[in-house]
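Please look through the structure shown below before reading the report on its aromatic pairs and on one helix contact.

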Amino acid sequence: MEKSNSIRGAGVSVFLSLTLVVILALLGTMVEVSRGKVCQVHGRRTLRSAADSLLTEYSLPFFQEYHLFFLEDVGKPFEKSIAEYAADTLEPESIFPVRTDLFDLALTDLSVEGKTYAGDQDCRALKEQITSYMKRSIATDAFRKFKEGVSSAESLGSSAAGLEQKAEEEKQAAELDTKVLALMELIDGVSVSEGRVQGKNYFVKMFCTGEKRAENLGITEASVWEAVREHVVEVSPEMKAIVGSGKDRDGIVKKISEVQEKTSEAIGLLKELGKKTGTLGISPNALNILTSNQRVLEDVKTLLQKPVAELDIASLGRLWKAYDTSGIVFDYTGINEEGGGENPFENFRQMISGGLTKLVVKDTSKLSKKKAGCPDQYRRLYDSQEESSDYTKAVQNFANEEDVDFQGAVKDISRIALSDFMLLKYMEKYFSTAIHSVGDMKKRLDYEWEYLVCGRGSDKENLEQVINRMVLMRTVINTGILSASASKRETAYAAALAVVGFTGLEPLVRFTQTLFIILWGMSEALVDTAGIIQGKRIPLIKTEKDLIVKFTDIFVMGKEYIMNRVKKLPRAGTNGFNYEHYLMLFLLGNGSRVTCQRMMDLMEWNIRDNYVKGFSLGKCVASFQVRGSFSMKTKFFRLPFIQKVLNRKLERSGAGTGITAGYLPENALSGSK
């Protein structure tokens with residue numbers, strides 16, 4: 001009995017011992033698992049602390065000048081810096097003695113990826129930092145007031161498109177008339193392009209196969225006949241003289257060659273016109289007649305190459321009989337021998353020949369002469385760069401080639417985001433214009449806003465482009481006012497009649513009228529722009545009574561006139577647009593991506609010139625992702641009885657974690673991945 005009790009007591013002891021071991025193993029496992037979870041959190045916090053410590057190494061000069069945070073990705077790799085910052089947390093005994101380190105973590109792997117550079121994603125990081133910074137210093141209703149101020153400019157794009165379409169339609173109609181005028185010159189030998197009727201030396205109808213009379217040549221207007229009569233050659237007497245004595249054979253051959261050339265040009269024009277010839281008062285068989293005449297001239301010229309003894313007057317007569325000098329008749333209704341007034345474009349071309357800057361800037365000797373190498377470098381780096389608009393060329397094309405292209409200068413700005421507004425307000429604080437300097441730092445370019453608008457390599461080029469664009473924009477506005485005025489349209493029409501009315505071609509008169517109205521609007525725009533550059537506020541949209549340039553003034557305009565007229569510009573009050581406002585409109589038209597890319601150029605140049613020669617904003621990082629793997633020594637799993645129960649040795653356990661670090665709050669607060 002005692003033995004049985006002893007065995008039972010031993011069994012209970014073994015059972016309790018095993019139960020204790022299991023309980024201890026369970027408790028150790030629970031503690032170890034809990035410790036692992038805590039160590040995983042500790043590892044993530046270690047990464048966060050180390051990454052944030054790295055972020056304190058931001059470019060100090062860049063922050064001092066522009067109040068933006070960016071970390072230069074140069075020199076020591078980010079991984080090494082983060083590992084060094086993490087070491088103090090992972091190895092606390094290196095700072096102060098620790099008897100028992102319950103964490104005992106080791107960083108086994110570290111990688112930095114997903115770096116967001118300043119210019120990535122259309123300069124998103126740059127725009128976000130600027131927006132975040134400017135929110136703290138702008139009144140709550142400032143954006144609403146600004147949007148209301150530029151709302152009147154939202155329709156300028158459609159106005160420019162309408163103006164161009166109207167001019168293009170009239171130009172196409174006028175071009176048809178111009179080709180008719182060219183045919184008149186080639187076939188009838190009369191020029192009506194210089195304000196008067198003038199006869200030409202060589203033309204298709206210069207060979208008259210019958211009696212030398214206007215009706216035999218198909219010329220129905222007396223003034224035209226008088227202009228070309230002396231150049232008309234009676235074929236029969238000429239051929240008789242050549243056959244009889246060979247007199248002046250070389251002279252007549254030369255004339256035939258000249259007429260052949262004129263005939264070829266006329267055939268080419270008729271082919272261009274095609275079926276339109278019937279609507280332009282040109283004989284429908286004109287092309288066939290000229291083609292036949294060309295063959296006649298070639299046959300006559302070949303025959304005249306023979307010796308005089310072999311020439312036959314009858315053969316020459318039969319050839320010339322097929323030469324048609326009356327089958328093509330032009331309608332000269334309304335043409336006038338007198339006329340041809342002074343064209344205002346002549347003075348305008350001469351006036352702008354030296355550039356608009358000299359016309360609208362009071363003292364050009366004070367303009368900056370600074371230049372910058374490699375302009376628009378970040379735009380070229382990040383974009384498949386489209387060629388920048390050349391507004392100087394647009395003005396010159398209008399003056400010289402009567403080509404109307406204003407839409408490039410007046411882009412749609414109907415969508416104005418808060419970030420765009422913040423960007424503009426930021427620029428006011430840190431970037432200079434041609435009339436307002438900001439800060440004491442030495443600048444690569446003095447006209448920084450102008451560079452942001454145009455992206456050219458010198459202050460002079462950028463200011464010139466801004467001035468030309470401003471003139472084009474103001475031209476669209478002023479032309480709209482002039483076109484809406486019946487009296488102004490009548491004035492322009494009368495001037496057009498005085499210049500090209502003698503042609504009797506109404507489409508050409510209408511096109512010239514439109515050009516004169518645009519020229520009038522551009523002349524007014526030159527005065528507006530000169531006033532704006534001198535610091536005046538000009539109403540974005542004027543009324544007819546605000547216009548100060550008369551049409552007759554266009555003939556005498558020059559710099560002195562413009563400067564005198566600036567003094568008479570109407571007061572716009574606080575709601576008027578000043579120079580910076582126009583630059584803002586241009587920047588909004590360009591888009592924030594282009595503006596930020598050019599802003600990067602300016603920032604980089606200025607930091608290089610004043611602080612760090614090798615500074616590269618393109619290599620500056622705003623945020624990045626950190627992934628780390630940690631190894632932890634086991635504490636409780638290493639107890640012999642636990643290892644025996646688990647039947648394995650667990651010396652270390654591991655965990656991985658990741659964070660996103662950056663300067664913006666949304667980056668800094670992001671969690672593990």
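Are Phe 62 and Phe 615 buried or exposed? Both Phe 62 and Phe 615 are buried, where buried stands for under 20% relative accessible area and exposed for over 50%, with partly exposed in between (1.4 Å probe, protein chains only). The model is predicted, and local features need pLDDT of at least 70, side-chain atom pairs count only at pLDDT 80 or more, and totals for chains, interfaces and linings use all residues. Residues are numbered from 1 along each chain as its sequence is written, and side-chain values use heavy atoms, with hydrogens and water left out.

The structure holds 24 aromatic pairs, and rings of Phe, Tyr and Trp (its six-membered ring) pair if their centres lie within 6.5 Å, planes under 30 degrees apart being stacked, over 60 edge-to-face and the rest tilted. Two of these pairs are tabulated here.

| Pair | Centre to centre | Angle between planes | Class |
|---|---|---|---|
| Phe 62 and Phe 615 | 5.8 Å | 25 degrees | stacked |
| Phe 516 and Phe 551 | 6.0 Å | 50 degrees | tilted |

Phe 62 lies in helix α2 (residues 60-66) and Phe 615 in the loop between α24 (592-610) and β7 (620-633), so this pair ties together parts that are 553 residues apart in sequence. Phe 516 and Phe 551 are both buried as well.

The axes of helix α9 (residues 235-245) and helix α12 (residues 313-321) come within 10 Å and cross at roughly 155 degrees; α9 and α12 are therefore roughly antiparallel to each other, a term for angles over 145 degrees. The contact (heavy atoms within 4.5 Å) is made by Val 235, Met 239, Lys 240 and Val 243 of α9 together with Ile 313, Leu 316 and Trp 320 of α12.

How values were computed
Axes are lines fitted to C-alpha atoms, for helices over the stretch in contact, and angles run from 0 to 180 degrees between N-to-C directions. Helices (H or I, at least four residues) and strands (E, at least two) are DSSP runs, numbered from the N terminus. Angles under 35 degrees count as roughly parallel, over 145 as roughly antiparallel, 65 to 115 as roughly perpendicular and the rest as oblique.
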